[in-house]
Amino acid sequence: MTILTHSPAETQAFAETLGRQMKKGTCIAFAGSMGAGKTTFTRGLAKGMGLPDEVSSPTFALVNEYHGEGAISMYHFDMYRVTSPEALETTGFWDYPLEDAVFVIEWAENIADAIPADAVRITITRIDDDTRSITVEGGNFSC
């Protein structure tokens, strides 16, 4: 499915709808240029999942963890600086339990071989300052 959003609020609202449908073991692999709206989308996912924390970009941390009472945990990875399988080993990526959480991976193309085959692939394309084209492939979501 592909939709157009016309503001960060619309992007978050769409993501929130998907977030309410998240299941343990879901891996979301993002593609999109710098500033396309991957973290904005993740904010909406977290809200839809019932996670109380403020989502921020994990660019310098590599991973941010979000947990909530009675909610599925979310691990938000940024693989922008990961350029090889060896570099992935040093991030602790393999130590996180996908079966008990939702993984959200920005710059997933940098670790393509580590992404599960059944990952939900979300591509965000910046059309202009406010407009985004968002394509969701995989998963079984109703919107």
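Okay, let's start with a hairpin: strands E6 and E7 make one, with 5 residues between them. Keep in mind that this is a predicted model. E6 covers residues 120-126, and its antiparallel pairing with E7 has 6 bridges. If you want to find that pairing on screen, look for Ile122, whose bridge partner in E7 is Val136, or for Thr125, which sits opposite Ser133 of E7.

Now, E7 has another partner. Strand E1, residues 2-5, pairs with E7, residues 132-137, in the antiparallel sense too, over 4 bridges. Here Ile3 faces Ile134.

Let's zoom out. How many strands are in the open sheet, and in what order? There are 7, running E1-E7-E6-E2-E5-E4-E3, and the pairing is mixed. At the edges you'll find E1 and E3, residues 63-66, each pairing on one side only. From one strand to the next, the twist averages 20°. Helix H1 packs on this sheet, where it touches E1 and E7, and its direction makes about 15° with that of E7.

Next up, the cores. The largest nonpolar core has 24 residues, and Ile28, Phe41, Leu45, Met74 and Ile122 have the most contacts inside it.

Technical notes: Residues are numbered from 1 along each chain as its sequence is written. This is a predicted model: local features need pLDDT of at least 70, side-chain atom pairs count only at pLDDT 80 or more; totals for chains, interfaces and linings use all residues. Side-chain values use heavy atoms; hydrogens and water are left out. Two strands pair if DSSP finds at least two bridges between them. Helices (H or I, at least four residues) and strands (E, at least two) are DSSP runs, numbered from the N terminus. A nonpolar core is a set of buried Ala, Val, Leu, Ile, Met, Phe, Trp, Tyr and Cys residues joined through side-chain atoms within 4.5 Å. Buried means under 20% relative accessible area, exposed over 50%, partly exposed in between (1.4 Å probe, protein chains only). Axes are lines fitted to C-alpha atoms, for helices over the stretch in contact, and angles run from 0 to 180 degrees between N-to-C directions. Contact means heavy atoms within 4.5 Å.
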